[in-house]
Amino acid sequence: MVLAGGAAAALTGLQATPARAVLRLDVTQGNVQPMPIAIPEFIAGTPGEADMARTVTQVITNNLAHSGLFAPIDPAAYIERIANFDAVPRFPDWRAINAQALVVGRVARQGDGRVKVEFRLWDVFAGQPQDGKSYAATPDNIRRIGHIISDQVYTRLTGEKGYFDSRVVFIDETGPRERRVKRLTLMDQDGANARYLTRGEDLVLTPRFSPATQEITYMSYGGQGEPRVYLLNIETGQREVVGNFPGMTFAPRFSPDGGSVIMSLQRGGNSNIFAMNLGSKAITRLTDSAAIDTSPSYAPDGSRICFESDRGGRPQIYVMGANGGNAQRISYGEGSYSTPVWSPRGDVIAFTKQSGGQFAIGVINPDGSGERILTSGFHNEGPTFAPNGRVLMFFRDPGGNAGPALYTIDLTGRNEQKVPTPSYASDPAWSPLLS
């Protein structure tokens, strides 16, 4: 398979001893207490592999800590120093510092130049292995192996899919506010390995990731001033024009299978929802109202669409079947609702809510119940879900001389993190898992 950075590498699994332990973090609780976990620095096969061992360890530690579900223990508190990957740990030493889980690993370069990384996850109290695998990749993919191991640990200990082996496309913004240069940019979900996909000669806006492939759509305003929608394959760099769409304000979103896109187009004096088959380029109209219908997003099973409409007097969220028809309003709170996007799990719809000078990011159930505000301030916008549907990324623009920045927050609303980017950043879109 092809790993991040375009280098080919084989990822081979090593079966762990069947785990009899039942260590599990219950993430369905309203108030999750982070699990104490010990992650000693991976053992390097030779001194030359020490930097790679340190990198893998740091990636895993940072990922699990930033999830808000785990509390990595300070290595200064360790009693046992792991020096032999194949030896059974001294569990009383790890219980003494309150570690519930222990991750140990080894890094060694192979004869073909690739790097082999092994890890084992131990249930400290039961003294039993929970998981263990081996991966091989080229040295420039060492961080990605760290993300994959993070996902393995996360999944084993929570019962949910991880989201660390993924990427984010966003708009990098540089220069003074009135003359911003905006470039389409791709990075790992933790902010590392940022690379520009466009040169900044044309204005680019609202990238959207396909939930099925490593493809994105985005809008670009060229010399003619009309918005043009592009389809870009991240892996191959192949770019094609989907079409010119006068009056479009947001790029299309993909259907769950990636075969079509849904968008809002201005025809006459108002905007309506249309779907386009990417193969035939055939366009189907889904709404026909005198209101402004915009920002459509598919449910993950493709059966329904949520969108924003002012047909009730001010922008609210509506849900209808994927083929159009009657739409049901689901938001009734004060203020206006915009940029709805369906969770990959299908359980909630995220939105931006503007009320009383505040811009909130929240979620609501598809039937209109259970509205919750996760974070509020000025100016929050553009939520996008992690592949597992548990974390949202959005951008916040404080105004004035400052510029926008990216943030993540989980569905509890208690774990907000700023995402490092090279410059100002807006309009994030999260990719599906790479593996």
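Trainee: Let's start with the second largest pocket: what volume does it have?
Mentor: The second largest pocket comes to about 390 Å³. Its lining has 26 residues, and Thr206, Glu381, Phe395, Ser426 and Asp427 are the closest to its centre. A pocket is an open set of points on a 1 Å grid over the protein atoms alone, where a 1.4 Å probe fits, with protein on both sides within 12 Å along at least five of seven lines; a cavity is a set the probe cannot get out of, and lining residues have an atom within 4 Å of a point. The volume is the space filled by probe spheres set on the points, which are joined across faces, edges and corners.

Trainee: Before we go on, how much of the protein scores at least 70 in pLDDT?
Mentor: 94% of the residues do, and the average pLDDT is 91. That score is the predictor's confidence in each residue, from 0 to 100. This is a predicted model, in which local features need pLDDT of at least 70 and side-chain atom pairs count only at 80 or more, while totals for chains, interfaces and linings use all residues. Residues are numbered from 1 along each chain as its sequence is written, and side-chain values use heavy atoms, with hydrogens and water left out.

Trainee: Back to the second largest pocket. Which strands each supply at least two residues of its lining?
Mentor: E10, E22, E26 and E30 do. Strands here are DSSP runs of E, at least two residues, numbered from the N terminus.

Trainee: And how does that lining divide by class?
Mentor: The second largest pocket is lined by nine nonpolar, eight polar and nine charged residues. Ala, Val, Leu, Ile, Met, Phe, Trp, Tyr, Cys and Pro count as nonpolar, Asp, Glu, Lys and Arg as charged, and the others, Gly among them, as polar.

Trainee: OK, what about the largest pocket, how much space lies in that?
Mentor: About 500 Å³. It is lined by 25 residues, of which Phe209, Ser210, Pro211, Trp342 and Pro344 are the closest to its centre. Strands E10 (203-209), E14 (253-254), E18 (293-298), E22 (336-342), E26 (380-385) and E30 give two or more residues each to this lining. E26 gives the most, with three.

Trainee: How many of its lining residues are nonpolar?
Mentor: For the largest pocket, 17 are nonpolar, with six polar and two charged besides.

Trainee: New topic: in what order do the strands of the open sheet with E30 run?
Mentor: The order is E9-E8-E7-E30, four strands with antiparallel pairing. Two strands pair if DSSP finds at least two bridges between them.

Trainee: How many bridges join E7 to E8?
Mentor: Eight, between residues 167-174 of E7 and residues 181-188 of E8. Phenylalanine 170 has threonine 185 in E8 as its bridge partner.

Trainee: Then E24: how many of its residues are buried?
Mentor: Six of the seven residues in E24 (358-364) are buried. Buried means under 20% relative accessible area, exposed over 50%, and partly exposed in between (1.4 Å probe, protein chains only).

Trainee: What does E24 pair with on the E23 side?
Mentor: Strand E23 (349-355) pairs with E24 in the antiparallel sense over seven bridges. One of the partner pairs is phenylalanine 351 with glycine 362 in E24. Their hairpin has two residues between the strands, and there glycine 356 takes a positive phi near 60°.

Trainee: And with E25?
Mentor: E24 is antiparallel to E25 (372-377) too, over five bridges. Here glycine 362 stands opposite isoleucine 373.

Trainee: Last one: which peptide bond is cis, with omega near 0°?
Mentor: The one from phenylalanine 378 to histidine 379; histidine 379 sits in the loop between E25 and E26. Most residues other than glycine have a negative phi, and most peptide bonds are trans.

Trainee: So what phi does aspartate 427 have?
Mentor: A positive one of about 50°, although it is not a glycine. Aspartate 427 is in strand E30 and is buried, at 17% relative accessible area. Asparagine 193, not a glycine either, has a positive phi of about 60° and lies in the loop between E8 and E9.
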